[in-house]
Amino acid sequence: MENLEPKTNQIPERDERKISFGDATVHELKTLLTAIIVSAELLAEELTSNEHSLAARLTQNIIRNARSLDEKLAHFSEMTELLAGDFSFRPEPLEVAPVIRGVVAQLYPIARSKKQSLVVELPPSLPTVKAQRQYLEQILLNLLTNASKFTPEGGKITVRAAKENESLVIEVTDNGIGIPADKHRLIFEPYYQVNGGKGSGLGLAITKFLVELHGGKIWLKSAPGQGSSFFFSLPLVNHS
Ligand code: ADP
């Protein structure tokens, strides 16, 4: 019988205090940031009569940068938790189709706002994987958010899954801007962004960490102007 006890690392008390201090700081900063974002959004509404005025453009700038900082903070606290070993890993037998559909539904409003189509193509049946639902959701959300973020208006995002040897391979494909081959390895490094984007540069580092935590692999096929396909594998339930 396999041991499914949570794999929580032993953290000395001092480190625990340090992590909760970090969390408290992030929480404090996010609260203040939310107030800034909400105020700037209200200000933007007031200024809609002249969208091209300097005041309106500067307000949009404040909103964009504040949202970007908000995303950075969220990813930053996720990353510090993972690096500190401050998490538990409890993989269980999991049906992936409903998880995929749930995350796709979550991303739907964002894709719709960019007039992107979001398609799920799954075979009639898929084998059960051994994974932790919450982490699988996080992996999919990161890949789908990127697919939408780096695909222009009107683009297409497709999610597929298929059994391959002793794994299940899930694919997130977009027809967006693509990534040059010499950057394929670098994008999984913390803080790396191909064009110094507005995100956190941590999403793919966290995604890779979570895939590998399950014993899976992550890879991509992409070229500039040709879109991107990200693939990751998960172990099947009866194979470990
Ligand atoms: P972030 O998205 O916050 O910048 P990530 O770690 O998620 O950070 O991604 C790192 C970089 O990889 C991005 O800044 C972007 O340059 C590139 N990238 C990730 N996904 C895609 C994609 N689907 N299409 C094009 N580029 C991508």
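## Ligand shell and helix α4

Helix α4 supplies the largest share of the shell around the ligand, 3 residues. The model is predicted: local features need pLDDT of at least 70 and side-chain atom pairs pLDDT 80 or more, whereas totals for chains, interfaces and linings use all residues. Residues are numbered from 1 along each chain as its sequence is written, and side-chain values use heavy atoms, with hydrogens and water left out.

Helices are DSSP runs of H or I with at least four residues, and strands are runs of E with at least two, numbered from the N terminus. Of the 21 residues around the ligand, the nearest are Asn146, Asp174, Gln193, Ser200 and Leu204; a residue is near if one of its heavy atoms lies within 4 Å of the molecule.

| Residue | Protein atom | Distance to a ligand oxygen atom |
|---|---|---|
| Lys149 | polar side-chain atom | 3.1 Å |
| Gln193 | side-chain N or O atom | 2.7 Å |
| Gly203 | polar backbone atom | 3.3 Å |

The protein covers 98% of the 530 Å² of accessible area that the ligand has on its own (Shrake-Rupley method, 1.4 Å probe). Two or more residues of the shell come from each of α4, α5 (203-213) and β7 (228-235).

Ser148 belongs to helix α4 (residues 133-149). Ser148 counts as buried because its relative accessibility is 2%, the limit being under 20% relative accessible area (1.4 Å probe, protein chains only). Beyond its neighbours within four places in sequence, Ser148 is in contact (heavy atoms within 4.5 Å) with Leu107, Ile110, Ala111, Lys114, Gln116 and Ile157.

Definitions and conventions: Buried means under 20% relative accessible area, exposed over 50%, partly exposed in between (1.4 Å probe, protein chains only). A polar contact is a pair of N or O atoms within 3.5 Å; within protein, one must be able to donate a hydrogen and the other to accept it, and residues adjacent in sequence count only if both atoms are side-chain atoms.
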